[in-house]
Amino acid sequence: MKIICDLSGIVNYNHSLQGIKNVRKSDFQDVFIDLKDIYKNCKKSEKEIFDVCREVVEKCKEANMHIYGFRLPDMCHDNSEIDSYESLLKLADEAIKICNEAEGKYLIVPPIYSIEPIAYNWEENREYYLKLGKIAQENNLMILLENQYRTFNGGIIRGILSNEKESNQWIDRLNDLAGEERFGFCMNVGTCNLCGQNMQEFVLSLGNRIKAVVLRDGNGRDVASLLPFTAVSNRQCQTDWLSLIRGLREIGFDGGLILDIEDTAAAFSPFLKPQLLSLTKAVAEYISWQIKIESQLKKYKSIILFGAGNMCLNYMKCYGEKYPPRFTCDNNSKLWGSTFCGLEVKAPEALKDIPSDWGIFICNIYY
């Protein structure tokens with residue numbers, strides 16, 4: 001699983017070097033570039049914008065960071081300058097070429113925005129995506145569709161591709177027409193939250209079509225890109241991160257986690273951004289670790305736990321039936337020979353005798 005830093009709000013594209021250095025010092029190895037952000041902040045001609053993009057790519061390479069991919073702007077939501085189908089096609093063509101030059105793998109392409117019925121949206125977008133698919137094939141890239149929101153009477157409602165069935169149909173049809181797996185899905189957590197969706201169900205429906213997940217927090221009412229776990233009310237997260245993690249864990253997700261903290265980063269003092277980025281990396285690693293727990297359990301012929309406390313209890317509640325441990329160990333000699341959650345508690349010495357294909361899982365938050 002890759003952890004990717006979206007440069008939006010972190011890098012000033014007119015003076016990008018310091019921001020890129022901060023990202024690298026925080027131990028990010030992969031970065032993501034949203035072309036919307038370059039358009040919005042550079043206010044230059046199209047040629048100059050592509051020059052800026054190539055310059056940022058080069059600086060990232062010099063810092064030994066890999067470009068994971070790009071996102072195209074949306075004609076309506078993101079930038080009023082991109083006001084025609086022809087302009088968007090031209091932008092996409094150039095973005096695919098730059099992404100290929102940067103050895104990137106993915107281009108996130110929002111659908112052409114439309115308020116017409118779904119059937120019309122499909123017909124309108126099919127030609128657009130298939131044209132880009134041919135260019136992507138020549139450049140060895142994958143096109144990712146992304147769930148959308150839209151506004152209605154001042155509120156936010158579900159947009160194109162926010163329905164799981166519709167998204168599956170679009171991706172499968174496009175791949176059939178392309179004759180190969182050239183299209184996948186990028187799940188935007190912030191959009192799911194705005195649309196009030198059950199993220200576990202969303203993930204399970206899309207399954208391995210999901211190649212990347214954009215992690216951004218918000219209050220569920222306003223469009224925002226905040227650091228995960230920071231949109232809080234009455235000590236409760238406003239994004240259901242547990243639901244997301246459970247879904248990704250169940251499908252064995254091993255794609256890219258894209259951290260979009262644009263609003264949080266933009267609000268921080270430049271002096272604090274290095275520490276913010278270190279925290280962002282730690283948050284991403286925690287989410288990745290949570291997702292991969294079950295894949296780690298599957299690796300071993302048998303499971304041994306270390307610890308006879310609350311985390312052992314949590315393990316047994318979540319995984320005890322599916323991955324039953326042989327026994328648990330504890331440093332407390334008073335517990336040896338007793339049982340905890342139906343497990344015999346043994347001395348740590350017992351670990352010396354287990355086969356090499358058994359896994360030991362430490363049930364202690366202070367490991």
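This passage describes the overall form of a predicted protein model and then a number of its residues and elements.

The model is a prediction, in which local features require pLDDT of at least 70 and side-chain atom pairs count only at pLDDT 80 or more, whereas totals for chains, interfaces and linings use all residues. Residues are numbered from 1 along each chain as its sequence is written, and side-chain values use heavy atoms, with hydrogens and water left out.

The protein contains 12 helices and 17 strands, where helices (H or I, at least four residues) and strands (E, at least two) are DSSP runs numbered from the N terminus. Its radius of gyration, taken over C-alpha atoms, is 23 Å, close to the 21 Å given by the globule rule for 367 residues, so the protein is as compact as a globular protein of that length. The globule rule is 2.2 Å times the number of residues to the power 0.38. Along the principal axes, the C-alpha atoms of the protein fill a box of roughly 75 × 45 × 45 Å.

Of the 367 residues in the protein, 53% are buried. Here buried means under 20% relative accessible area, exposed means over 50%, and partly exposed lies in between, for a 1.4 Å probe and protein chains only. The accessible surface of the protein amounts to about 17,900 Å², and carbon and sulfur atoms contribute 48% of this surface. Accessible areas come from the Shrake-Rupley method with a 1.4 Å probe, and for residues only the protein chains shown count as cover. Among contacts with a separation of 6 or more, 72% join residues 24 or more positions apart, a contact being defined by heavy atoms within 4.5 Å. The protein carries 43 positive and 49 negative side chains, and 5 Å separates the centres of the two sets. In this count Lys and Arg are positive and Asp and Glu negative, while His and the chain ends are not counted; each charge is placed at NZ of Lys, CZ of Arg, CG of Asp or CD of Glu.

Helix α2 (residues 35-42) is largely enclosed by the rest of the structure, because 6 of its 8 residues are buried. These buried residues are Leu35, Lys36, Asp37, Ile38, Tyr39 and Cys42. Their cover includes the strands β2 (30-34) and β3 (66-71) together with the helices α3 (46-62), α4 (85-101) and α10 (262-267).

Asn100 lies in helix α4 and, at 34% relative accessibility, is partly exposed. With residues up to four places away in sequence not counted, Asn100 touches Asn139 and Leu141. A separation of 31 Å is found between the C-alpha atoms of Asn100 and Asn163, which are 63 residues apart along the chain. Thr280, in helix α11 (residues 273-297), is buried at 1% relative accessibility. Apart from neighbours within four places in sequence, the contacts of Thr280 are with Phe28, Leu227, Leu259 and Ile261.

Several loop residues were also examined. Asn153, in the loop between β6 (149-152) and β7 (155-158), has a positive phi of about 55 degrees although it is not a glycine. The relative accessible area of Asn153 is 74%, and this residue is therefore exposed. Leu161 is placed in the loop between β7 and α6 (164-178) and also has a positive phi, near 70 degrees, as a residue other than glycine. Leu161 is buried, with 0% relative accessibility. Arg221 belongs to the loop between β9 (210-215) and β10 (232-233) and is exposed at 57% relative accessibility. Arg221 touches Ile156 and Leu194, residues up to four places away in sequence not being counted. Between Arg221 and Ala63, 158 residues apart in sequence, the C-alpha to C-alpha distance is 38 Å.

The structure holds 0 disulfides, a disulfide being a pair of cysteine sulfur atoms within 2.5 Å. For Cys192, which is in no disulfide, the nearest cysteine sulfur is that of Cys195, 7.1 Å away. Cys192 is buried, with a relative accessible area of 0%. Cys363 is likewise in no disulfide, and its nearest cysteine sulfur, that of Cys312, is at 5.1 Å. The relative accessibility of Cys363 is 11%, so this residue counts as buried.
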